Amino acid sequence: MLFEILVYPGILFLLIASIIYSGIMRKLAARMQNRIGPPIYQVVYDLIKLTGKENIRPKQAKTGFTLFPAIALASVLIAGILIPIHTKTISFTGDYIAIIYFLLFSSTALFIAGYASSNNLAIVGSIRGIVMVFAYELPFIISILVPILAFNLYSIQSFDTWLITRYPLAALSLFISILAKVEIPPFHIPNAHQELVGGYSVEFTGKRLALIELTTIVKTFVLILLMITLYLGGAQNIFILLIKSLAVLFALTVSRVLFARLRIEQALRFYWIFALIAAIDLIRVL
Amino acid sequence: MNEDTCYTLPLGPQHPALVEPEYLKVHLDGETIVDVEINLGFMHRGIEKALQQRTYQQDRFLIEKICGICSSIHTLTYCNTIEKLLDVEIPERAKYIRMIIAEFERIHSHMLWVGIAAYEIGFDTVFQMSWRDRELVMELLEDLSGNRVSYSMNTIGGVRRDISRTMTEKIRTTMDKIDSRLHHYIDVFVNDSTITKRTKGTGILKQKDAIRYSAVGPLARASGISCDIRKKAPYLLYDKVDFKEITHNTSDVESRAIVRLKELLESTKIIRQCLHLMPKGELSIKVPDIVPVGEAISRGEAPRGEIFYYARSDGTDKPYRIKIRTPTLANIHSLQPMLKGQQLADLPIIVASIDPCFSCTDRVTLLDTRTGISKTVDETYLKKL
Amino acid sequence: MKMLSDIIKNLVRKPSTEKYPYTKKKTPKGFRGKHEYDREKCIYCGLCAKACPVHTIGVIRDKKFWQLDLSKCIFCARCEEVCPTKCLKLGNEFEMASDKKEDFIIK
């Protein structure tokens with residue numbers, strides 16, 4: 001049990017796999033843009049470099065500046081453990097609510113951390129992030145609830161059938177909300193590099209920044225796992241997991257290189273339309 | 001404007017949206033821009049003064065360093081001015097080579113702009129691709145002049161290097177490649193839904209405002225004002241080649257992108273005609289080092305708009321005064337009517353849409369905040385310091 | 001979605017960037033790089049020193065002294081243009097970074 005939580009398919013596996021996947025994503029995006037791109041292990045270098053850098057705490061920073069990046073990473077790891085891959089590590093009644101909660105909290109914790117840094121740019125980024133939460137959380141919750149309600153389950157589990165064929169609209173809205181949750185274009189609005197420099201992470205350096213980066217990286221992998229578990233027929237063994245997750249990663253990368261960033265009110269409108277679309281599947285289930 | 005909900009956001013002097021240090025103080029209400037204060041002066045380099053301390057021949061290389069992107073048009077206009085002072089006519093082949101280099105420069109500058117504009121709206125792929133295609137022109141320029149950025153092709157009395165026959169062929173094939181890429185980018189900027197969502201209707205500069213704020217170049221042409229110096233006051237042999245002046249009248253960011261891209265199709269047309277019309281002959285004529293007393297002006301159409309040179313000679317080998325007016329200085333004031341009432345998210349693309357080149361722009365002006373009187377720094381003031 | 005065709009093409013195309021320090025592009029003919037100075041041919045006339053816009057060339061005729069500081073040079077090739085014996089030529093080398101001051105001086 002402890003081995004499963006800590007090593008496979010638990011925390012260590014999540015960390016290592018997500019770092020590799022993030023590297024693959026960067027390489028793939030580079031090739032799509034006709035570049036050579038960084039080596040796949042570049043992410044490791046980046047993280048090691050960040051841990052060696054100075055930890056700067058701004059004078060006006062409020063409480064939670066240090067705490068919330070760590071909380072963000074912790075909660076996304078908990079969400080990752082709760083998602084069944086092929087074995088079920090922890091399971092309890094209503095654990096899908098816990099997954100929704102921890103994934104949401106990992107985003108919000110980053111926004112709180114940004115707010116705590118008391119920088120105008122970071123605050124605008126955090127506010128944008130919170131607005132985005134209101135946008136994407138509804139289609140996300142609906143698309144998680146659709147399979148659960150369809151089979152009258154008490155806890156989340158791996159579906160052997162390809163639910164994407166039965167509920168394509170809900171699957172699509174889950175994919176779209178993954179884009180916003182990990183801030184992939186066209187929805188990288190909270191950390192809009194061009195107008196907000198780095199959004200909520202602008203004041204962070206060193207280990208704290210490494211935590212924030214790691215949170216986004218792990219979140220991408222966890223959400224890919226969620227997508228596979230719910231809609232893509234689950235992963236019976238590690239090879240199927242590899243193939244399916246790389247396919248989802250490829251789709252995410254295509255979105256990353258294919259779109260320009262939307263404005264926040266355009267994104268909001270977009271997601272409410274997708275909430276309506278996902279609701280069609282929800283009504284069909286009910 | 002609600003005083004309580006307003007806050008200010010500093011854009012610059014160091015900011016990823018602005019490649020060069022310049023300070024825009026943005027007053028915001030939520031995500032809406034209420035007002036913008038434009039603060040110039042972080043990049044003043046004292047070039048006009050430095051020009052007076054060097055000879056006319058040496059000034060050429062300093063003038064080239066005013067702007068890295070439009071280094072050819074600066075020297076071109078400078079050489080035109082000094083040739084007017086000297087009252088000499090340069091060989092026809094030199095004129096055509098000058099035009100070819102100037103149009104190459106327009107192509108690479110606008111391709112660079114396409115990339116920057118895409119980057120400012122978070123579209124990295126268009127940025128990477130357009131810069132890849134820009135490399136075609138950069139390589140041609142390197143082949144022709146020996147350097148990617150500072151071409152040093154123009155000299156007083158002609159040009160320094162020739163275009164060989166093999167190069168002519170290479171230029172022709174490259175122009176065909178660039179034409180096909182340009183058609184693709186026009187298609188992307190007009191039809192890609194995520195791009196039009198960001199560019200259509202943002203940063204509108206009405207024709208009336210464009211005249212009032214004396215906008216120049218593609219910015220004015222995108223507001224429906226015809227102002228191409230190549231047509232209005234042809235220099236070199238621009239009256240002998242056939243090209244259209246591109247104007248567009250939707251006045252938004254998209255319109256500026258279309259004007260710039262379509263202008264490049266005209267540029268490739270000009271280059272092909274120049275290669276065809278170019279006669280054999282001398283590259284340059286010998287000119288004296290001493291310039292007779294007098295003053296002269298000259299205008300040119302830089303990629304960013306009208307460029308203006310004034311030179312005054314006192315009969316020595318060094319200029320008495322050279323005054324430069326760059327297009328960004330004329331355009332930057334139009335930012336204020338363009339930005340008011342827009343979203344914060346649109347600020348980078350609107351600022352980029354004038355294609356700012358701040359280091360050409362900067363002037364030193366002292367502003368006394370208590371009295372509101374501004375004055376320009378002069379020599380006596382500097383000596384007192 | 002207009003860039004989709006580019007993206008698909010790029011996936012099978014060779015990357016257009018290169019791993020710079022390992023693979024080097026050939027410089028074109030007439031490239032303006034590090035100077036090649038022929039001491040034998042030089043007549044120490046000082047025309048290059050006079051023409052240089054950044055005053056980086058020093059010449060003393062009596063002592064047969066000629067020196068160029070690359071750290072100030074802007075590679076405009078004006079010195080090559082005025083040289084009467086063509087003993088000075090801008091070459092192909094463009095990697096001149098060094099942590100020693102002596103490396104920037106051509107004698």
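# Three chains, one residue to start

Reader: Start with B:Asn147. Buried or exposed?
Author: B:Asn147 counts as buried, because it has 24 C-beta neighbours inside 10 Å. The cut-offs: buried takes 20 or more other C-beta atoms within 10 Å of the residue's own, exposed is 12 or fewer, and partly exposed is in between, with C-beta atoms placed from the backbone.

Reader: What kind of model is this, and how are things numbered?
Author: It is a predicted model; local features need pLDDT of at least 70, side-chain atom pairs count only at pLDDT 80 or more, and totals for chains, interfaces and linings use all residues. Residues are numbered from 1 along each chain as its sequence is written, while chains are lettered from A and ligands numbered from 1 in the order in which they are written.

Reader: What scores does the predictor give the complex?
Author: An ipTM of 0.85 and a pTM of 0.86.

Reader: And what pLDDT does chain C average?
Author: Chain C averages 84, and 100% of its residues score at least 70. pLDDT is the predictor's confidence in each residue, from 0 to 100.

Reader: Back to B:Asn147. Where does it lie?
Author: In the loop between α5 and β4 (154-155) of chain B. Helices (H or I, at least four residues) and strands (E, at least two) are DSSP runs, numbered from the N terminus.

Reader: Which residues does B:Asn147 touch?
Author: Leaving out residues up to four places away in sequence, B:Asn147 touches B:Glu142, B:Ser152, C:Arg32 and C:Phe75. A contact means that the two C-beta atoms, placed from the backbone, lie within 7 Å.

Reader: How many residues does each of chains B and C put into their contact?
Author: Chain B puts in 19 residues and chain C 17 residues.

Reader: Which helices of chain B supply at least two residues each?
Author: α2 (56-64), α5 (124-145) and α6 (165-191) of chain B do, on the side that touches chain C. α5(B) gives the most, with 6 residues.

Reader: What classes of residue make up that side of chain B?
Author: 5 nonpolar, 7 polar and 7 charged. Ala, Val, Leu, Ile, Met, Phe, Trp, Tyr, Cys and Pro count as nonpolar; Asp, Glu, Lys and Arg as charged; the others, Gly among them, as polar.

Reader: Now chain B as a whole. How many helices and strands?
Author: Chain B has 16 helices and 10 strands. Its radius of gyration is 21 Å, close to the 21 Å that the globule rule gives for 385 residues, so chain B is as compact as a globular protein of that length. That radius is taken over C-alpha atoms, and the rule is 2.2 Å times the number of residues to the power 0.38. In chain B, 48% of the 385 residues count as buried.

Reader: How many helices and strands in chain A?
Author: Chain A has 12 helices and 0 strands. Its radius of gyration is 18 Å, close to the 19 Å from the globule rule for 286 residues, so chain A is as compact as a globular protein of that length. Buried residues make up 51% of those 286. Of the contacts in chain A with a separation of 6 or more, 80% join residues 24 or more positions apart.

Reader: Chain C next. What order do the strands of the open sheet take?
Author: The 3 strands run β2-β3-β5 in chain C, with antiparallel pairing. β2 (57-60) and β5 (105-106) are the edge strands, each pairing on one side only. Two strands pair if DSSP finds at least two bridges between them. β2(C) and β3(C) have 4 bridges, and C:Ile57 stands opposite C:Leu68 in β3(C).

Reader: Which residue in the hairpin of β2(C) and β3(C) takes a positive phi?
Author: C:Lys64, near 55 degrees, in a hairpin with 4 residues between the strands. Most residues other than glycine have a negative phi.

Reader: What is phi for C:Ala77?
Author: C:Ala77 has a positive phi of about 65 degrees. It is in the loop between β3 (65-69) and α3 (78-82) of chain C. C:Ala77 is buried, because 21 other C-beta atoms lie within 10 Å.

Reader: And what is phi for B:Ser214?
Author: Near 45 degrees, a positive value in a residue other than glycine. B:Ser214 is in the loop between α8 (207-212) and α9 (217-221) of chain B. With 13 C-beta neighbours inside 10 Å, B:Ser214 counts as partly exposed.
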